[in-house]
Amino acid sequence: MERAPAPAENAIDGPPAWRRLAATLALGTLGGVGMWSVVVALPAVQADFGVDRGTASLPYTLLMVGFGLGGILMGRLTDRYGVARPLAGAIVALAAGYVLAGLAPSLALFALAHGLLIGALGASAFFGPLMADTSHWFARRRGLAVSIVACGNYLAGTLWPPVVQHLIETVGWRQAHIGIGVFCLVTMLPLTLAMRRAAPHLRAGTTAAAGAAAARPLGLSPHALQGLLIVAGVACCVAMAMPQVHIVAYCGDLGYGAAAGAQMLSLMLGFGIVSRLASGWIADRIGGLRTLLLGSFLQGVALLLYIPFNDLWSLYVISALFGLFQGGIVPSYAIIVREHFAPKEAGSRVGLCVMATLFGMALGGWLSGEIFDLTGSYAAAFVNGLLWNLVNLSVVLWLLRRPGARRLAAA
């Protein structure tokens, strides 16, 4: 008679993993408020403090910098202590940041609350570290599970902005921030109870075979492969930033109005959720590197389509395609990390990749604006995005030609 699977065997890919995934997605969606509320509150904050638009954008800039750097810190803490304790600390920091932002007597303190508490010590824990932790609980469906977690950020971008706007209109931006902080503390802390258990293979320690494989991933040193993934992450997201950051302004320049551009951005995010789920399913069949190659190639196709087609309905269709093509790119890096590095390094290495993608988004948004100022048109900015996309494709293609990549594909 066949013996019953051991508890550790049941945990990976089993019901405990899926229950944990549900809690993880909820944490990512709730904690994702830190990435989106500052954008919604910008006009009200600007009017209250009496500053210009550029100065009022400082909290967003500090938030993004904090999110990128904080992801590395939170990843390292996750690798060392497990995910539950860093998450609990991040929830307290997030709540404190929102309360402090609501009470801030100056824009400088408001910006500091966003950069340090909401960004670096708060929201950063609810993306990269959650993807890394989830990757330990799945083997057959790892790509799909990681992509589901990554959808939390897009779900937050869909659900939180109208809620934040409603709160600002009804109780004011200060009370809205304090309320968000209290809500996050009350709803998110209980969810960390579902995250206390460590994955079975982490409790048992990394096997000798896995350690040997991680010593020379793809025949490279770990630092060399990590560096190439950082270059790829920056390049793909410089390309990604052109439509995401400038589509509203682009529609305004073409005479279609900002409202049409906002609808296209929403369309991108909606189809991005579909893309992330589909890409996870694909990654379970062809691996992370090939999924990244596919997403990057299709992103380049969509960028190319923006150049000759600029009538209203074409832009709606291309924006939907762009979201459908690029949504799975960032989660692919987490899958690649788990395929080629030691499991106990996943948190910090995924954090480095996420930081690279954020830097790419920031650089791409700025470059596109500068190119527009120099040329008076976004056509050259789209071409710039295509060139950066080619850099990403070149890195991924080179990695796929490594002997280790061929052996992994055969396996």
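The following questions and answers concern a predicted model of one protein chain.

Me: What average pLDDT does the protein chain have?
Reply: This is a predicted model, in which local features need pLDDT of at least 70, side-chain atom pairs count only at pLDDT 80 or more, and totals for chains, interfaces and linings use all residues. Residues are numbered from 1 along each chain as its sequence is written, and side-chain values use heavy atoms, with hydrogens and water left out. The pLDDT is the predictor's confidence in each residue, from 0 to 100, and 92% of the residues score at least 70. The average for the protein chain is 89.

Me: Over which residues is the pLDDT under 50?
Reply: Contact here means heavy atoms within 4.5 Å. One such stretch has three contacts beyond four places in sequence, and another has five contacts beyond near neighbours in sequence. These stretches are, respectively, residues 1–7 and residues 205–212.

Me: Which elements give two or more residues to the lining of the largest cavity?
Reply: On a 1 Å grid over the protein atoms alone, a cavity is a set of points where a 1.4 Å probe fits but cannot get out, a pocket is an open set with protein on both sides within 12 Å along at least five of seven lines, and lining residues have an atom within 4 Å of a point. Grid points are joined across faces, edges and corners, and a volume is the space filled by probe spheres set on the points. The search finds one cavity of 30 Å³ or more, and the lining of the largest cavity includes Gly 28, Phe 67, Phe 126 and Asn 153. With helices (H or I, at least four residues) taken as DSSP runs numbered from the N terminus, the contributing elements are helix 2 (15–31) and helix 9 (142–171).

Me: How many charged residues does the lining of the largest cavity have?
Reply: Ala, Val, Leu, Ile, Met, Phe, Trp, Tyr, Cys and Pro count as nonpolar, Asp, Glu, Lys and Arg as charged, and the others, Gly among them, as polar. The lining of the largest cavity has five nonpolar and five polar residues. The number of charged residues is none.

Me: Which element gives the largest share of the lining of the largest pocket?
Reply: About 1800 Å³ of space lies in the largest pocket. Of its 46 lining residues, those closest to the centre are Trp 36, Val 39, Tyr 60, Gln 244 and Val 245. The lining divides into 31 nonpolar, 13 polar and two charged residues. The largest share, nine residues, comes from helix 18.

Me: Is His 177 buried or exposed?
Reply: His 177 lies in helix 10 (residues 173–188) and touches Ala 41, Tyr 98, Val 99, Ala 101, Gly 102, Phe 110 and His 114, not counting residues up to four places away in sequence. Buried means under 20% relative accessible area, exposed over 50%, and partly exposed in between (1.4 Å probe, protein chains only). Because its relative accessible area is 1%, His 177 is buried.

Me: Which backbone oxygen lies 2.9 Å from a polar atom of the side chain of Thr 29?
Reply: Thr 29 lies in helix 2 and is buried, with a relative accessible area of 12%. Leaving aside neighbours within four places in sequence, Thr 29 is in contact with Gly 152, Leu 155, Ala 156, Leu 159 and Trp 160. The backbone oxygen in question belongs to Leu 25.

Me: How far apart in space are Pro 243 and Ser 368, C-alpha to C-alpha?
Reply: Pro 243 lies in helix 13, and at a relative accessible area of 1% this residue is buried. Beyond residues up to four places away in sequence, Pro 243 touches Met 268, Leu 303, Tyr 306, Phe 322 and Phe 382. Pro 243 and Ser 368 are 125 residues apart in sequence, and their C-alpha separation is 9.4 Å.

Me: What is the phi of Leu 218?
Reply: Most residues other than glycine have a negative phi. Leu 218 lies in the loop between helix 12 (208–215) and helix 13, and counts as buried at 5% relative accessibility. Although Leu 218 is not a glycine, its phi is positive, at about 55 degrees.

Me: Where is Asp 13 found?
Reply: Asp 13, a residue other than glycine, has a positive phi near 70 degrees. Asp 13 counts as buried because its relative accessibility is 11%. Its location is the loop between helix 1 (7–11) and helix 2.

Key. A polar contact is a pair of N or O atoms within 3.5 Å; within protein, one must be able to donate a hydrogen and the other to accept it, and residues adjacent in sequence count only if both atoms are side-chain atoms.
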